[in-house]
Amino acid sequence: MTNKPSPVSGVEVLSAEQCWALLRGVSVGRLAVWAANHPDIFPINYKVDHGTLVFRTGEGTKLHAALGDAPVALEADGVDQDTGIAWSVVVKGGAVGVTLTQEVLDTVGLLLFPWQAGRKDAFVRIVPTSITGRRFKVTSPLTWWSPLDDATRAGLE
Amino acid sequence: MNGKPGNPAERLDPAECWELLGQATVARLAVIVDRQPEIFPVNYVLDKGTAVFRSDVGTKVRAAIQDLCAMEVDGYDAGTGTAWSVVVKGPVRIITDPQEKKVVDALHLDPWQPGPKVHYLRLLPAVVTGRRFKTTRPDIWTTPVTDARTEEFH
């Protein structure tokens, strides 16, 4: 897969395959939703599942209330501290509730770890309508986030 | 305060929110464009109780971000095993006054990625909310590094 340089020099447009690979490598993203008459944004812990993204949210939470048939956008990003190359991937799509069956638990439930203590009993699936990503050298790697370490990947199994 | 069962998240007061906002440099900005949420990372600085950033977003997005926007900043404190998330909501306006731009430049607001970031934008906070919570899996949280803005951005 070759990458087309974007009109802005120094920014590389990523293929869908590359985007998915990067999304699989991290588990915290930020979800933008339309809440009533304004945008809202939440950090979530997600898992890639067969071309979709699944996350948990507590019933009755603000996030849960904000999810309807309206489209959502999820952004995940990261940086390689050694090279200073950062990436950002955005997935847009619809958010649909997932019935908590044994099948769901088997496939994704056990792999999802709530990043926030508390009861999390609603599963939501983002079915993408578009996935876009960019890679670029940050002006200073130190101003970005540190990469996930090996322990993280091992932990996610 | 933190991590008690049944009390998963601690609400932060505005002063705490602003202190945390002052420690970070990267935020995610959410806007609605044609009924579709859009989200993108921005490099920001605080200026007189507002958040200022530069962007090269297109006309449609630029028009949308002059409506209400939501900006989220988060981080993880390894010392306490807690993560935090602060959300600022409000309208964004474009800075056109050259003098005002100079003030912003003096704050070392350098864009976080290459390319011309022609627009200077200011988020006027209408609502600031924040939460702090124990992470059950701290290792999955991305850890913000020490703010090196002072020297690194020159």
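## Salt bridges, a helix face and confidence

B:Glu100 and B:Arg122 form a salt bridge whose closest N and O atoms are 2.8 Å apart. The term covers a side-chain nitrogen of Lys or Arg within 4 Å of a carboxyl oxygen of Asp or Glu. B:Glu100 sits in helix α3 (residues 98-106) of chain B and B:Arg122 in strand β7 (residues 119-123) of chain B, so the pair ties together parts that are 22 residues apart in sequence. Both B:Glu100 and B:Arg122 are buried. Shared partners link B:Asp47, B:Lys48, B:Arg93, B:Glu100 and B:Arg122 into one salt-bridge network.

This is a predicted model: local features need pLDDT of at least 70, side-chain atom pairs count only at pLDDT 80 or more, and totals for chains, interfaces and linings use all residues. Residues are numbered from 1 along each chain as its sequence is written, chains are lettered from A and ligands numbered from 1 in the order in which they are written, and side-chain values use heavy atoms, with hydrogens and water left out.

**Salt bridges**

Over all chains, the structure holds 14 salt bridges. Three of them are listed here.

| Salt bridge | Closest N and O atoms |
|---|---|
| B:Arg28 with A:Asp77 | 2.7 Å |
| B:Glu100 with B:Arg122 | 2.8 Å |
| B:Arg132 with B:Glu16 | 3.5 Å |

B:Arg28 forms a salt bridge with A:Asp77. This pair crosses between chains, from strand β2 (residues 26-33) of chain B to strand β5 of chain A. B:Arg28 counts as buried at 0% relative accessibility. A:Asp77 counts as buried at 4%. The class cut-offs are under 20% relative accessible area for buried, over 50% for exposed, and partly exposed in between (1.4 Å probe, protein chains only).

B:Arg132 forms a salt bridge with B:Glu16. B:Arg132 belongs to strand β8 (residues 127-134) of chain B and B:Glu16 to helix α1 of chain B, so the pair ties together parts that are 116 residues apart in sequence. B:Arg132 is buried, at 19% relative accessibility. B:Glu16 is partly exposed, at 22%.

**Chain A**

Chain A has 4 helices and 7 strands. Helices (H or I, at least four residues) and strands (E, at least two) are DSSP runs, numbered from the N terminus. Their order from the N terminus is β-α-β-β-β-α-β-β-α-β-α. Chain A has 157 residues, and 52% of them count as buried. Among chain A contacts (heavy atoms within 4.5 Å) with a separation of 6 or more, 67% are between residues 24 or more positions apart.

Helix α1 (residues 16-25) of chain A buries A:Cys19, A:Trp20, A:Leu22 and A:Leu23. Seen down the axis of α1(A), the buried residues fall within an arc of 165°, so they line one face of the helix. That arc is taken over the directions from the helix axis to the C-beta atoms. A:Glu17 and A:Arg24 are exposed on the other side of α1(A).

**Confidence**

The model scores ipTM 0.80 and pTM 0.81. Chain B averages a pLDDT (the predictor's confidence in each residue, from 0 to 100) of 79, and 77% of its residues score at least 70. In chain B, helix α1 (residues 14-23) has the highest mean, 95, and helix α4 (residues 149-152) the lowest, 26. Residues 1-7 of chain B have pLDDT below 50, with 7 contacts beyond near neighbours in sequence. Residues 143-154 of chain B also stay under 50, with 29 contacts beyond four places in sequence. Where pLDDT is low, the predicted coordinates should not be read in detail.
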